[in-house]
Amino acid sequence: MSSTLKVGLVQQQAWPDKARSLQESDAGVRELAGKGAELILLQELHATHYFCQTEDDRLFDLAEPLDGPSAQHLAALAAELDIVLVGSLFERRAAGLYHNTAVVFDRQRGRVGHYRKMHIPDDPGFYEKFYFTPGDAEENAGFEPIETSVGRLGVLVCWDQWYPEAARLMALAGADLLLYPTAIGWHPPDDNPEKQRQKDAWTLVQRSHGVANGLPVMVANRVGHEADPSNATSGIDFWGGSFICGPQGEMLAQADDDTTHLLTELDMTRSEQVRRAWPYLRDRRVDAYADLTKRYRDR
């Protein structure tokens with residue numbers, strides 16, 4: 001693995017029309033690759049609108065298999081541009097079995113791995129449990145880094161971003177970076193102080209995963225207002241805010257709430273340096289953590 005790695009991410013709007021959404025993704029990927037990015041991250045479910053605002057079984061028609069048209073499109077793009085590309089699919093695994101799946105394509109090698117979202121939310125406007133089955137850790141598609149030509153990628157998805165356990169397990173399995181494709185935004189009626197608290201918490205918790213594990217972190221979020229098709233709510237204002245930070249949580253690049261293509265260079269030797277100075281992994285009391293596998297420590 002090279003001592004430096006130029007990385008990029010695409011923050012974009014998305015539409016129900018897959019062709020239009022993928023065209024937007026392609027433009028961002030091509031721009032970043034043209035500037036030397038070797039690893040590029042796309043946001044969660046970038047090929048469609050965020051359809052989980054409502055429960056509608058017709059929307060299962062949006063799903064594709066892991067080797068479906070969208071995956072083939074991304075694989076061809078990665079091969080053409082000679083990059084590692086992390087995309088996102090609404091995966092149809094079998095009849096009645098669907099996942100929210102991140103997919104990794106490595107240059108000419110095609111798809112080298114995938115990660116099925118493990119933590120699935122179910123809240124007003126985010127009815128993901130209706131659509132997505134959680135990933136299966138025992139099938140080696142859980143918290144396992146994906147080997148690529150630019151390093152071992154600890155790929156997690158959106159709601160996973162709130163869980164330090166997920167980031168830690170990726171780090172303990174040898175991840176070189178943590179990557180989070182995500183789709184998060186505000187309910188428009190919330191007041192501005194509450195909106196700021198939400199966004200600050202989202203940024204802070206992911207930077208803290210970098211700090212706690214001594215790893216760089218890449219986070220790609222979508223932008224734009226998407227209406228609720230059921231009209232039960234006023235929709236979602238996706239807040240953008242995508243960022244790339246270093247292994248001490250230092251902000252290297254950050255987007256606002258517009259379409260943005262972030263690009264920065266990572267020093268891949270810094271994790272070693274940081275972990276020597278701040279040896280959190282060395283000092284973990286693994287003998288005392290058994291209760292972490294419990295739902296709650298009832299007395």
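This is a predicted model: local features need pLDDT of at least 70, side-chain atom pairs count only at pLDDT 80 or more; totals for chains, interfaces and linings use all residues.
1. Largest pocket. The largest pocket has a volume of about 540 Å³. Its lining is made up of 13 residues. Those that lie nearest the centre of this pocket are E165, L169, Y289, L292 and T293. Sorted by class, the lining has 6 nonpolar and 6 charged residues, along with 1 polar residue.

2. Second largest pocket. For the second largest pocket the volume is about 290 Å³. Here 17 residues form the lining, and D123, F126, W159, I184 and G185 lie nearest the centre. The classes in this lining are 10 nonpolar, 4 polar and 3 charged.

3. The cavity. How many cavities of 30 Å³ or more does the structure hold? There is 1. The volume of the largest cavity is about 80 Å³. Its lining consists of K18, L45, H46, A47, T48, L62, E64, S70, S88, L89 and F90. Strand β3, which covers residues 84-94, gives the most to this lining, with 3 residues. By class the lining divides into 5 nonpolar, 4 polar and 2 charged residues.

4. Helices α1 and α2: geometry. Helix α1 spans residues 18-34 and helix α2 spans residues 69-81. Their axes come within 11 Å and cross at roughly 15°. Angles under 35 degrees count as roughly parallel, and α1 and α2 are therefore roughly parallel to each other. The crossing of these two helices is right-handed.

5. Helices α1 and α2: contact. From α1, the residues that meet α2 are K18, L22, D26, V29, R30 and A33. On the α2 side they meet S70, H73, L77, E80 and L81. The residues of this contact comprise 5 nonpolar, 2 polar and 4 charged.

6. Helices α3 and α4: geometry. Helix α3 (residues 164-172) packs with helix α4 (residues 192-213) at an angle of about 40°. The axes of the two helices are 10 Å apart.

7. Helices α3 and α4: contact. P164, A167, R168 and A171 are the α3 residues in this contact. They meet H209, A212 and N213 of α4. The contact residues divide into 4 nonpolar, 2 polar and 1 charged.

8. Pocket and helix together. Helix α3 runs over residues 164-172. E165 and L169 are among the residues nearest the centre of the largest pocket, while A167 and R168 of α3 are among those that meet α4.

Terms used:
Residues are numbered from 1 along each chain as its sequence is written. Side-chain values use heavy atoms; hydrogens and water are left out. On a 1 Å grid over the protein atoms alone, a cavity is a set of points where a 1.4 Å probe fits but cannot get out, and a pocket is an open set with protein on both sides within 12 Å along at least five of seven lines; lining residues have an atom within 4 Å of a point. Grid points are joined across faces, edges and corners, and a volume is the space filled by probe spheres set on the points. Ala, Val, Leu, Ile, Met, Phe, Trp, Tyr, Cys and Pro count as nonpolar, Asp, Glu, Lys and Arg as charged, and the others, Gly among them, as polar. Axes are lines fitted to C-alpha atoms, for helices over the stretch in contact, and angles run from 0 to 180 degrees between N-to-C directions. Helices (H or I, at least four residues) and strands (E, at least two) are DSSP runs, numbered from the N terminus. Angles under 35 degrees count as roughly parallel, over 145 as roughly antiparallel, 65 to 115 as roughly perpendicular and the rest as oblique. A crossing is left-handed if the near helix is turned anticlockwise from the far one by less than a right angle, and right-handed if clockwise. Contact means heavy atoms within 4.5 Å.
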